[in-house]
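These are my notebook entries from a first walk through a structure that may be new to you as well.

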Amino acid sequence: MLSSITSRKEWVFFATLWRSHPWLTATWWALILLQGVLPAVFVVAVGVLVGALADGAPIRTPLILIGAVFVLMQLLTPLHSQVGSLLGEHASDRLHDRLLVAAGAPEGVAHLENREHMDELTAARDFDLGMSGPPLHLSMGIIAGGLVEAVAGLAQAAVLAAYAWWAPLLVGGAWLSTHWLLRESTQWDRNTGEVLDAQRRAEYSYRLAVDSPAAKEIRLFGLANWLTDRFASDRRTLVELRWQATRLRQKPMRWMVLVLVVSGGLFFWSLGRDAATGAIDLGQVSTFAYAAVGASALAFGGLNWALSLAAEGVMSVLRVERTMSSTAAARAVVSGRTPAEGMPAAEIRFRDVTFVYPGMSSPVLDGLDLTIPAGGSLAVVGVNGAGKSTLVKLLCRLYDPVSGTIEVDGTDLRDLDLESWRRRISAIFQDFIRYELPLKDNVAPLGATPEEVLEALATAGAAGLRDLQTVLSPGYENGTDLSGGQWQRIALARVMCAVRQGAGVVVLDEPTAQLDVRGEAEVFDRVLEATEGCTTILISHRFSTVRRADRICVVDQGRVVELGSHDELMALKGTYARLFELQAARFNEEQDGSDDAA
Ligand SMILES: Nc1ncnc2c1ncn2[C@@H]1O[C@H](COP(=O)(O)OP(=O)(O)OP(=O)(O)O)[C@@H](O)[C@H]1O
């Protein structure tokens, strides 16, 4: 029984408020009680005043009471609203923190690609952003208003007990029954797949329409109308679903009116009869009539939806926490205990590694074997989609192999302490992040000396960027944007800085794709020099860069099909040699073309 109460979302919501700020919560509840009881006191005081006037008795005491209650009611309302809004902000902040911690907690990334988890995260985040209902600091006022009305309704129904034992039951019961009658229609379940899908798609269209990175393509491809239509259609779905919920109210509304007319009619008929026969005096008639009207506060319709929405939002955050700590997708990658300091000293070895992305059917890596000697450089080449980036994602332990092992100096990667292993690795991915932060934080998000940052920038060929405080986003004061190649140099500088700070494995996934040909050769030579002694893994389609690596492996259909130095692979006359010659021939043609033009 107790557990069925404590597991109710409303209970969880109030418990969350309490945990986020006990004192404010206690004050908030005390004010609800006080504000709820005051109207009943007012009604009684007015009745006493009317009675005194009718009897010619002194009216000073009831007048003072009425004045005091009135003033108190006026003062408490704004005070309560401040307390509620403050409490809402505290609770919201706490939930916000918990959501970020929960989403960031899993070591792998599969949970962020899992539809169910994404739905939960969307629901929780939408609540957090105030998208699926009023933000908590505003809902608190609506919820408090509903609770005050509930207390006020109960207190005034209780006053009716002084008239007849059945009166509070009849009048209060009728108003309370409205909740039961409307129970189906007052809630609009926002967490159904249909709603979340429409919400997510609408938000995506909205972001594409207003965010600057998408602005170029949207205009160039004439997508503005298409985007608006998509947004409008998803919003229409949401409005339609809400409308369906509202229509559910039509039938219960008729029943509600009937119940209220019958109960009100009976009560006021009885009150009128007793007044006519003199069974009650004028003051009592006034008190009971007002109390009967005041008991209508028990309908407190606002509480139903506001509390339900706020409680559902809190539940979403708690569900995200649970999912992220227990489900298979979230726990797919678990840290080991062996410290990784100084690793690899001898080699990294992929042993018969097979990997399938969650939810996919065919393997990306299929029994892949590869040994990478420590301290050297290895280039990985292969056609688009061959599995090159997947290989390094496994090395970074963003995913674990489905079968086979990756070993570092003979130790299974899964047994290594993940934090210390990731400190050993530094990587630039194809989709590296362009942080909307000052230049220095783009190079060293966790901090470094200005000298280290400048040196890293110089190695990456970005020595021209020296104002470390400039925010790399035009949306900020004195902020600026960079060209694609400049951004890539910043991402490279990030890796170089991490190497200076102790990383021993460097992963470069298409690090020079956006650099001009001369810049590429210069930068890559400098990078190789700066990462001397590190185990460097380079993925690139540019053979001018690839050939500089100590060893090159060709990945095809999830396996290594060729492995050796540039000269060895050229002598082999296999896939590598063919691809290299193709690119060299194209380059020569282009050169000839430009020479002729000159
Ligand atoms: N998160 C993911 N979920 C499902 N499939 C994925 C995911 N990431 C990549 N894939 C698929 O895995 C395959 C290998 O992708 P990967 O990025 O490793 O290729 P790649 O060799 O690096 O290609 P490219 O040269 O184009 O960068 C592709 O078919 C791709 O569609």
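## Entry 1: H6 and its partners

I started with H6 and helix H12 (residues 282–294), which pack at an angle of about 150° with their axes 8 Å apart. A note to myself before going on: this is a predicted model.

I looked up the handedness next, and H6 passes H12 in a left-handed crossing. Which residues make the contact? On the H6 side I found Ala152, Gln156 and Val159, and on the H12 side Thr287, Ala291 and Gly294. Sorted by class, that contact has three nonpolar and three polar residues, with no charged ones.

Then I turned to the other partner of H6 on my list. Helix H3 (residues 22–55) and helix H6 (residues 136–159) have axes that come within 8 Å and cross at roughly 40°. That angle makes H3 oblique to H6. Here I noted a right-handed crossing as H3 passes H6.

I wrote down who meets whom. From H3 the list is Trp28, Ile32, Leu33, Gln35, Gly36, Val37, Pro39, Ala40, Val43 and Val44. From H6 it is Ala144, Leu147, Val148, Val151, Ala152, Ala155, Gln156 and Val159. I sorted the residues of this contact too, and they divide into 15 nonpolar, three polar and no charged.

## Entry 2: H2 against H4

Next I checked helix H2 (residues 9–20) and helix H4 (residues 60–104). Their axes come within 9 Å and cross at roughly 95°.

I found Thr16, Leu17 and Ser20 of H2 in contact with Leu87, His90, Ala91 and Arg94 of H4. This contact splits into three nonpolar, three polar and one charged residue.

## Entry 3: Two domains

I stepped back to see the whole chain. The domain assignment gives domain 1 as 7–186 + 249–326 and domain 2 as 347–430 + 504–591.

## Entry 4: Two backbone details

I went looking for backbone details and stopped at Met343 and Pro344, which are joined by a cis peptide bond with omega about -5°. Where does Pro344 sit? I placed Pro344 in the loop between helix H13 (301–326) and strand S1 (347–355).

My second stop was Arg397, where phi is near 60°, a positive value in a residue other than glycine. Arg397 also belongs to a loop, the one between helix H14 (388–395) and strand S4 (403–408).

## Entry 5: Around the ligand

I finished at the ligand and asked which residues are closest. There are 13 residues around the ligand, and the closest are Tyr357, Asn384, Lys388, Ser389 and Thr390. By class, I noted four nonpolar, seven polar and two charged residues in this shell.

Conventions:
Residues are numbered from 1 along each chain as its sequence is written. This is a predicted model: local features need pLDDT of at least 70, side-chain atom pairs count only at pLDDT 80 or more; totals for chains, interfaces and linings use all residues. Axes are lines fitted to C-alpha atoms, for helices over the stretch in contact, and angles run from 0 to 180 degrees between N-to-C directions. Helices (H or I, at least four residues) and strands (E, at least two) are DSSP runs, numbered from the N terminus. Two residues are in contact if their C-beta atoms, placed from the backbone, lie within 7 Å. Ala, Val, Leu, Ile, Met, Phe, Trp, Tyr, Cys and Pro count as nonpolar, Asp, Glu, Lys and Arg as charged, and the others, Gly among them, as polar. A residue is near a molecule or strand if its C-beta atom, placed from the backbone, lies within 6 Å of it. Angles under 35 degrees count as roughly parallel, over 145 as roughly antiparallel, 65 to 115 as roughly perpendicular and the rest as oblique. A crossing is left-handed if the near helix is turned anticlockwise from the far one by less than a right angle, and right-handed if clockwise. Domain bounds come from an automatic or database domain assignment.
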